[in-house]
Amino acid sequence: MNNNWLDQYPEAAVFFGPFLDHQDLEDILVSRFPAGSPIMEESSYDDSALYYILEGVAEGMTSSLADIENGLYYVPSKVGQGSFTGFFEATQGKPTKRRLSIYAKTDVTALKISQSLVYRWAHFKPDLLLNIFSRILIGSWKQREVVSNVNSFNSNIKLAIHLCYLYDMYLHSCYPPEYTGSVRIMDTHRELGYAVGCSIRTVDRCIARFCEEGSLSLRRGKIHMNQSQYELLLHYAETHS
């Protein structure tokens, strides 16, 4: 599958296609990560590859702030389709400890771009590297906006904002472009609480309210949202913030 990803993933083809030659294609690997498996692990010295997410959602974990239950702190950020991760280590020129762990939240398919290839691009294809850096910066500012929003309002509003963000992330990263059905929000109530700074009890109360108002659905305890529910929740967040 090393070369046919350009045909299978149109967005990736648009981003990379104009720059790649035969040698690049030979040196880019397509990697698959089952849900729950590590893509990279904090403090490890691996091959310092750069990853580009073709489909699926990953998330970051770091032990710099410890959760008493499992030693990990949930970082309220996701890496979805069209995003890069591992850029810092890939540009260091020597083996560098990973700054955080990235785990596959859903099944993830990603391009694995070796550190040597990143360096080759830096010398011979700087425009491609600048495009990658620009994509990373745009994603970083979007993350900052989400964090800023959820830290500025009451529990109902910030959870509504975060759920809308997650809906967009899972819809565009895990479903085909023409999909119009219900989207499962993979995050647990505990993870939602970590992300917006609320207790699980508060998250339960907010979700129950949103379900009563028709802007969410629960199926066997799992959160689902369709387009009309997303619009309801987004309208609620916008009119009350």
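# Strands, helices and a loop

Biologist: V183 stands opposite M225 in strand 11. Over how many bridges do strand 9 and strand 11 pair?

Modeller: This is a predicted model: local features need pLDDT of at least 70, side-chain atom pairs count only at pLDDT 80 or more, and totals for chains, interfaces and linings use all residues. Residues are numbered from 1 along each chain as its sequence is written, and side-chain values use heavy atoms, leaving out hydrogens and water. Strands are DSSP runs of E, at least two residues, and helices are runs of H or I, at least four, both numbered from the N terminus; two strands pair if DSSP finds at least two bridges between them. Strand 9 and strand 11 (residues 222-225) run in the antiparallel sense, and their number of bridges is three.

Biologist: Now helix 5: within what arc do its buried residues fall?

Modeller: Buried means under 20% relative accessible area, exposed over 50%, and partly exposed in between, using a 1.4 Å probe and protein chains only. In helix 5 (residues 115-124), Q115, L117, V118 and W121 are buried. They line one face of the helix, because seen down its axis they fall within an arc (taken from the directions from the axis to the C-beta atoms) of 160 degrees.

Biologist: Are helix 8 and helix 9 roughly parallel or roughly perpendicular?

Modeller: Angles under 35 degrees count as roughly parallel, over 145 as roughly antiparallel, 65 to 115 as roughly perpendicular and the rest as oblique. Helix 8 (residues 189-196) and helix 9 (residues 200-212) have axes that come within 8 Å and cross at roughly 105 degrees. That makes the two helices roughly perpendicular.

Biologist: Finally, is T180 buried or exposed?

Modeller: T180 lies in the loop between helix 7 (155-174) and strand 9. Its relative accessibility is 69%, so T180 counts as exposed.

Terms used: Axes are lines fitted to C-alpha atoms, for helices over the stretch in contact, and angles run from 0 to 180 degrees between N-to-C directions.
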